[in-house]
Amino acid sequence: MESVLDVIGGVILVFGTSFLLLGGLGLTRMPDIYNRIQAGTKATTLGTMLTMVGVSFLQPEWTLKLLLIGLFLLFTNPLSSQVLARAAHRSGVHKAPETQVDRLAEDLGEKP
């Protein structure tokens, strides 16, 4: 039974680290800060959560601690990315020419 949990944990760890790798790649490939924030946050949140699930299969006694850390990450990662994007928007960081929609400017009544 233990070897089955090790295999499941290892596979989930590979998926988690793959998402972390893709998040890092997204940080270098996206055209502007707003897309980089979005790519980095979504991929690293999912990658970190999958990595922690994989570790919980390998080390079942750590499950409660990893669950608490995961809950903390689920609340803080999206919130911090939203705050960073809003701060960049307020400070006038330009968006990429490919960006068609600016919902924050529309909500604030600004000209997009």
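Which helix of the chain has the lowest confidence, and which the highest? Confidence is lowest in helix α4 (residues 103-107), at a mean of 73, and highest in helix α1 (residues 2-29), at 93.

**View 1. Confidence in the predicted model.** This is a predicted model, in which local features need pLDDT of at least 70 and side-chain atom pairs count only at pLDDT 80 or more, while totals for chains, interfaces and linings use all residues. Residues are numbered from 1 along each chain as its sequence is written, and side-chain values use heavy atoms, with hydrogens and water left out. The pLDDT is the predictor's confidence in each residue, from 0 to 100. Its mean over the chain is 89, and 97% of the residues reach 70 or more. Helices (H or I, at least four residues) are DSSP runs, numbered from the N terminus.

View 2. The expected span of a helix is 1.5 Å times one less than its number of residues. For the 28 residues of α1 this gives 40 Å, which agrees with the 40 Å between its end C-alpha atoms. Gly9, Ile12, Gly16, Gly23 and Gly26 are the buried residues of α1; buried means under 20% relative accessible area, exposed over 50%, and partly exposed in between (1.4 Å probe, protein chains only). What covers these residues includes α2 (33-58).

**View 3. The crossing of α1 and α2.** The two helices α1 and α2 pack at an angle of about 165 degrees, with their axes 7 Å apart. Axes are lines fitted to C-alpha atoms, for helices over the stretch in contact, and angles run from 0 to 180 degrees between N-to-C directions. Angles over 145 degrees count as roughly antiparallel, so α1 and α2 are roughly antiparallel to each other.

**View 4. Buried positions along helix α3.** The end C-alpha atoms of α3 are 40 Å apart, in agreement with the 40 Å that its 28 residues should span. Its buried residues are Leu66, Gly70, Leu73, Asn77, Ser81, Ala88 and His89, and they pack against α2 and α4. Just after α3, Gly92 takes a positive phi of about 90 degrees.

View 5. Ser81 lies in α3 and is buried, with a relative accessible area of 13%. Apart from its neighbours within four places in sequence, Ser81 is in contact (heavy atoms within 4.5 Å) with Ile37 and Thr41. Lys65 is also found in α3 (residues 63-90), but counts as exposed, at 60% relative accessibility. Between Lys65 and Gly23 there are 42 residues in sequence and 24 Å in space, C-alpha to C-alpha.

Notes. Angles under 35 degrees count as roughly parallel, over 145 as roughly antiparallel, 65 to 115 as roughly perpendicular and the rest as oblique.
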